[in-house]
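Take a walk through this protein with the model open beside you.

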Amino acid sequence: MAVRHQLIKSPPAAVWAVLADGARYQEWVVGPYRSEPAEGDWPELGSSIAYSVRVGPWSLSGRTIVRRVEPPRELELEIESGALGSARIAAEIRPWGEHSLIIMDEHPLRGPGGLLHNAVLDALLQIRHRSMLGRLAKVVEGGRPRQQPSGAF
């Protein structure tokens with residue numbers, strides 16, 4: 001399991017507002033070049049966002065489903081990526097003085113990632129999380145997220 005945390009210099013309500021805004025998903029999540037609401041009212045339980053990721057000349061589509069939500073503290077998502085399988089990503093927001101500490105953990109559930117889960121995969125997830133949490137901090141704190149190259153995980 002890959003766990004990473006980041007101090008965001010904004011109150012927890014500001015962090016939750018970004019996580020709860022499905023239209024901002026591709027601004028902070030590393031990978032998607034396009035996302036849109038799919039089912040339900042994000043982030044209600046069972047609601048989902050459809051997304052597309054470019055990997056070289058290929059485009060992959062999937063969806064992110066809310067599996068657990070406790071506003072304004074916790075959001076657990078299942079990322080379904082077709083033949084690549086699925087993964088669980090959980091975000092917990094804790095007050096930290098006047099700021100927020102966000103703790104994110106991710107692990108594969110099904111598919112090749114679940115079967116091949118090891119320390120190397122966790123190290124790659126740590127790199128992804130560092131970028132994703134940095135982007136989230138910039139979005140929440142009012143800056144623009146760094147542009148990701150197409151298909152970057």
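At 29% relative accessibility, Arg 63 counts as partly exposed. Buried means under 20% relative accessible area, exposed over 50%, and partly exposed in between (1.4 Å probe, protein chains only). This is a predicted model: local features need pLDDT of at least 70, side-chain atom pairs count only at pLDDT 80 or more, and totals for chains, interfaces and linings use all residues. Residues are numbered from 1 along each chain as its sequence is written, and side-chain values use heavy atoms, leaving out hydrogens and water.

Side chains of opposite charge can pair when their charged atoms come close. Arg 63 forms a salt bridge with Glu 80, at 3.0 Å, N to O. A salt bridge here is a side-chain nitrogen of Lys or Arg within 4 Å of a carboxyl oxygen of Asp or Glu. Glu 80 sits in strand S5 and Arg 63 in strand S4 (residues 58–70), 17 residues apart. Strands (E, at least two residues) are DSSP runs, numbered from the N terminus.

Glu 80 also forms a salt bridge with Arg 67, at 3.9 Å. Arg 67 has another partner, Glu 78, at 2.8 Å, N to O. Is Glu 78 buried or exposed? Glu 78 is buried, at 6%, while Arg 67 is partly exposed, at 43%. The structure holds 13 salt bridges.

Note on methods. Helices (H or I, at least four residues) and strands (E, at least two) are DSSP runs, numbered from the N terminus.
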